[in-house]
Amino acid sequence: MGVNFGTEIKFLKGIGPKRAELFQKELELFTFGDLITHYPYRYEDRTRIYKVSELQGNEEIIQLRGHLKNFKTAGHGRKTRLIADFNDKSGNIELVWFKGVNWVLNKFKVGQEVILFGKPTLYGNKLNIAHPEMELAKNLKSGKDQKLTSLYSSTEKLRRNYLDSRAIENIIDQNLEQIEFDVEILPETLIKKFKLIPRRRALIAIHKPQSFKEAEEARRRLKFEELFLIQLRILFQKSENKEIFPGQIFKKLDKLNTFYREHLPFQLTNAQKKVIKEIRSDLISGYQMNRLLQGDVGSGKTMVAFLCSLMARDNKAQTCIMAPTEILAEQLYNGLSDYSKYLGIRIAKLSGSTKSASRKEILKNLEAGNIDIIIGTHALIEDRVKFKNLGLCVIDEQHRFGVAQRAKLWQKNKSHFPHILVMTATPIPRTLAMTLYGDLDISVIDELPPGRKEIKTVHRTDAHRLSVFKFLKDEIEKGRQIYIVYPLIEESKKLDYKDLMDGFESISRAFPEYPISILHGRMKAADKDYEMQRFVKNETKILVSTTVIEVGVNVPNASVMVIENSEKFGLSQLHQLRGRVGRGAEQSFCILMTGNKVSKDARVRLETMVRTQNGFEIADVDLKLRGPGDLAGTQQSGVLNLKIADLAQDSGILIAARDSVKAILDKDPGLNSTAHRRLKSLMQRKNSNDLDWKLIS
Ligand code: ADP
Ligand code: MG
């Protein structure tokens with residue numbers, strides 16, 4: 001019977017129904033394609049056999065060949081460990097097992113010759129190897145046919161059923177030759193251009209490389225393919241969408257020109273100009289825009305949104321701008337009212353707290369086309385909010401905005417879906433954004449307006465607390481205000497609440513002469529608003545809060561941000577919090593407080609914060625520390641179940657893959673040429689979300 005990528009694994013050599021079930025449950029391997037793409041995570045060079053006498057204790061995993069001399073157990077109960085003496089004529093070394101003692105005793109006997117792999121460590125002044133991987137020497141092949149050994153991830157349960165890395169290696173080995181000869185999917189031109197090895201060879205070489213170099217070539221080919229197919233799916237679908245969704249054309253510039261010539265309150269930064277051009281070309285393209293605008297806190301996204309809404313206004317279309325909270329909606333409203341005060345533009349605000357009489361009025365005017373820009377919260381998505389001609393939706397701080405909600409906005413203009421501009425201050429590395437928001441075009445404001453002072457950032461421990469308090473006092477005396485933030489971690493809300501309250505008390509004691517605000521998630525929305533407003537109006541000097549102070553809140557007079565237990569925060573959150581200060585003319589400070597003990601990762605986070613203020617640099621470190629799976633919003637996104645590529649490491653390959661996809665679609669948008677036949681049939685399967693191998697052959 002022929003085997004293809006879709007063949008169930010129970011039909012493969014060395015598997016059978018029972019093992020197939022285990023592989024399915026434990027590793028989600030269902031088909032031959034799944035098995036073949038269960039790639040090794042590492043290779044070991046097992047050509048060299050070390051001597052015990054040459055070991056120093058600083059080696060990585062090494063290979064020894066010798067005899068088991070003696071077994072003894074030590075300790076008792078759960079602490080029992082097994083110790084074996086191992087001798088290779090050059091010397092003795094101890095092998096130690098803390099787990100699986102019986103398994104070892106059953107499988108190996110004193111006097112046997114074994115080959116073992118393990119990492120020697122110095123314990124006291126003696127060398128030992130814990131949990132070596134061991135095989136009887138007589139069972140091993142000469143080792144000449146294959147230089148590198150592939151290591152595969154397995155699970156506890158699989159290992160108990162004798163399906164360890166070595167067994168998996170064996171099974172894959174037995175089946176590799178069954179890969180059909182004609183499995184290439186990439187166009188010949190790409191293979192040539194990027195010097196990729198053919199697909200079949202890559203699939204074999206990744207499991208059985210002759211050298212590290214060959215393994216690397218196989219990995220590069222397969223990474224390219226993986227990223228290429230993801231980008232192709234995203235961009236191919238997008239080009240199809242474009243045909244389906246025409247957009248209003250905002251050609252005329254009238255108020256925009258007046259504003260630009262006469263009322264612009266500051267020079268635009270080059271970055272602002274660049275993104276406005278990008279957006280403008282969308283708005284006159286005849287297709288609906290779906291664009292993500294990334295820009296660090298304070299980079300001036302509001303002005304960009306405003307200029308875009310003028311383009312809409314100049315073409316008799318309305319703009320709606322949505323913010324995640326009332327406070328932010330209020331700030332946007334104030335900002336935009338200020339920008340537009342000389343232009344005769346009609347701006348309104350709608351939120352949950354708008355009184356019903358004025359709400360009625362606003363809804364009526366909106367539907368009649370008497371309002372040009374409406375700013376609000378979620379209340380704007382409600383069905384009763386109707387427009388005469390909604391042309392543009394701006395969504396500020398998108399991470400709280402689901403795809404479904406975006407879709408609802410689309411429905412508010414039946415003849416032409418409105419253009420969509422999503423703005424976020426949460427920097428996402430470009431490579432990740434390309435994959436995550438592949439359906440959106442991306443613009444980046446990568447420059448802050450001139451004259452911004454750097455926020456001086458320091459790391460302090462509890463031992464410095466007195467001097468920190470003294471510093472805060474001096475700043476308040478100079479007229480500044482201060483944020484003091486405590487972590488809020490979902491699992492331990494109670495504890496955090498206690499931390500916050502204890503902190504509030506000690507701060508009240510330390511600063512008896514100043515009014516203090518407190519803000520936390522257990523307060524009613526109205527109380528929160530009240531406290532926030534007191535701080536905004538400079539009635540209180542210190543705001544003690546959990547992380548509920550919103551992204552984007554703007555109190556220019558607040559110039560010091562103290563973050564307590566800062567080791568508990570993720571990098572992007574630290575960066576967001578720091579962005580609350582540095583908005584006024586004064587020198588600003590960020591003080592990262594921790595206890596004395598800080599984990600290695602936390603130390604990297606703190607050092608990064610102290611070193612740089614560049615949101616994208618911070619996001620890159622974050623991506624490296626956490627991996628893409630943990631970044632905000634990535635969990636739901638299946639596109640990140642990558643089998644081999646790593647978005648943090650492989651950005652070069654990703655960019656090459658994406659550019660290739662664009663070039664292909666430029667020439668052959670329908671993928672109709674013979675060279676693209678296979679790609680097209682792949683793309684046409686609607687559920688090819690995980691690029692299912694079942695479907696590829
Ligand atoms: P964000 O990108 O965080 O939304 P804002 O739009 O709130 O930033 O802008 C932050 C501050 O910078 C505002 O006070 C705004 O008026 C000001 N600003 C924006 N662009 C410029 C510029 N090109 N030059 C000077 N100030 C600017
Ligand atoms: Mg903003």
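I began with the surface: the protein exposes about 33,800 Å², and carbon and sulfur atoms supply 51% of it (Shrake-Rupley method, 1.4 Å probe). I noted that this is a predicted model, in which local features need pLDDT of at least 70, side-chain atom pairs count only at pLDDT 80 or more, and totals for chains, interfaces and linings use all residues. Residues are numbered from 1 along each chain as its sequence is written, chains are lettered from A and ligands numbered from 1 in the order in which they are written, and side-chain values use heavy atoms, with hydrogens and water left out.

I looked up burial next: 52% of the 697 residues count as buried (under 20% relative accessible area, 1.4 Å probe, protein chains only).

I then listed 23 helices and 22 strands (DSSP runs numbered from the N terminus; helices are H or I of at least four residues, strands E of at least two).

I followed one open sheet of six strands, ordered E17-E22-E21-E18-E20-E19, with parallel pairing (at least two DSSP bridges make a pair). E17 (455-461) and E19 (516-519) are at the edges with a single partner strand each, so one side of each has no neighbour in the sheet. From one strand to the next the twist averages 15° (axes are lines fitted to C-alpha atoms, for helices over the stretch in contact; angles run from 0 to 180 degrees between N-to-C directions).

Last, I looked at a helix: H18 (residues 525-536) lies across E18, E19, E20 and E21, at about 145° to E19.

Notes:
Contact = heavy atoms within 4.5 Å. Buried < 20%, exposed > 50% of the residue type's maximum accessible area, 1.4 Å probe, protein only.
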